[in-house]
Amino acid sequence: MKFGVSTFVTDEGIHPTEFARALEERGFESLFVPEHSHIPVNEQTWPDGSRLPRVYSRSLDPFVTLSAAAAVTERLRLGTGIVLAVQRDPITLAKEVASLDHLSGGRMVLGIGSGWNRTEMRNHGTDPATRLALLRERVLAMKEIWTKDEAEFHGRYVDFGPILSWPKPKQRPHPPILLGGGGPTTFARIVEYGDGWLAPPGLSLDKLTHGVRELQRLARDRGREDVSVTAYLSPGAEAADVARLAELGVERVLFGIDTAPRDETLRTLDELTKLISS
C-alpha cells in the first residue's frame with residue numbers, strides 16, 4: 001500500500017517546496033492538493049449550513065503548487081484531489097497536466113471531479129445541472145489531446161476540430177485519472193472513463209468498504225480489472241484501520257492534514273511516519 005498526504009496549501013501554511021521535501025524525506029509516496037478557484041462571498045457554507053474553513057478561499061493553484069513540489073523532489077507523486085475540471089478549459093487543462101507530467105518525469109496523478117459549490121461553477125459559466133455530462137466530455141477530449149498527434153473532439157459541450165498540442169504526457173497513455181465523488185453514478189463513470197476512485201474524505205470505514213466492493217463488482221461486470229482506489233484517513237487513524245483498507249485492496253491511503261505553519265506540519269508528518277511504519 002502507498003501512503004500520501006492531502007492538504008490545502010495556502011499562503012498561510014508551510015511553503016510547498018519545504019513541505020514536498022519533508023514528505024519525500026519521510027518516505028511518503030505522494031502529495032495531493034485540492035482546488036477552489038475562489039469562494040463566493042454568499043456561499044461560504046457547506047450544503048449542510050456549516051461554515052467553510054478559511055483555507056477554502058486561500059488555496060494556491062494546484063498546478064503551480066505541484067510544479068514547485070516537483071522541482072525539489074525526485075520520487076514524490078504529484079496529485080490533484082480534486083481539480084475542478086468543469087471550471088477549467090479542457091484544452092488548457094490538458095496542456096497543464098501534460099506539462100507537469102513531462103517536467104516531473106511522469107509523476108502526475110489527476111484526481112478530477114465536478115465539485116459541489118453551485119455559485120462557484122456558475123461564475124465560470126458552468127450550468128450545475130449539466131456538470132456531470134460536461135465533465136465526461138472534457139475528460140474524453142483531454143484523452144484525445146494526450147494520445148493523438150492531431151486531436152479533435154465533437155460533443156455537445158466540447159467541440160473542436162483538429163489541433164496540435166504538445167508536450168504529450170510522460171506516462172502512457174496519460175497520467176492516472178481518479179474520479180472523486182460518492183454519488184449514485186460515480187462508479188459507472190469511473191468504469192467508463194476513469195482509472196480509479198478517489199473516495200471522498202470523511203467516509204466511515206463501513207461506507208468505504210461497501211463502496212470499494214460495489215466498484216469492484218461493477219468493474220468486473222464490465223470487463224475492467226484495473227480500477228484502483230485511493231482512500232482518505234484522518235491523522236488519528238490507527239494501524240488496524242490501515243490494515244483493513246489493505247485487505248480491501250485499496251492502493252493508496254491519503255492522510256488529510258490541517259494547513260499549519262512549518263513546525264506544526266513537520267510534527268504531524270513525524271507522527272504519521274510512526275503510524276505507517278508500525
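Tutor: Let us begin with a definition: two strands pair if DSSP finds at least two bridges between them, and strands here are DSSP runs of E with at least two residues, while helices are runs of H or I with at least four, numbered from the N terminus. This is a predicted model, where local features need pLDDT of at least 70, side-chain atom pairs count only at pLDDT 80 or more, and totals for chains, interfaces and linings use all residues. Residues are numbered from 1 along each chain as its sequence is written, and side-chain values use heavy atoms, leaving out hydrogens and water.

Eight strands, in the order S1-S2-S3-S4-S7-S8-S9-S10, form a closed barrel with parallel pairing. On average, neighbouring strands of this sheet are turned by 25° against each other, direction ignored; axes are lines fitted to C-alpha atoms, for helices over the stretch in contact, and angles run from 0 to 180 degrees between N-to-C directions.

Now look at one pair: strand S7 (residues 177-180) runs parallel to strand S8 (residues 196-198), joined by three bridges. Here Gly180 stands opposite Leu198 in S8.

Helix H2 (residues 62-71) packs on the sheet, touching strands S2 (30-33), S3 (77-84) and S4 (108-113), where contact means heavy atoms within 4.5 Å. The direction of H2 makes about 175° with that of S3.

Finally, the axes of helix H5 (residues 131-147) and helix H6 (residues 186-193) come within 11 Å and cross at roughly 15°. H5 and H6 are therefore roughly parallel to each other, a label for angles under 35 degrees. Among the residues that meet are Leu132 and Leu135 in H5, and Tyr193 in H6.

Key:
Angles under 35 degrees count as roughly parallel, over 145 as roughly antiparallel, 65 to 115 as roughly perpendicular and the rest as oblique.
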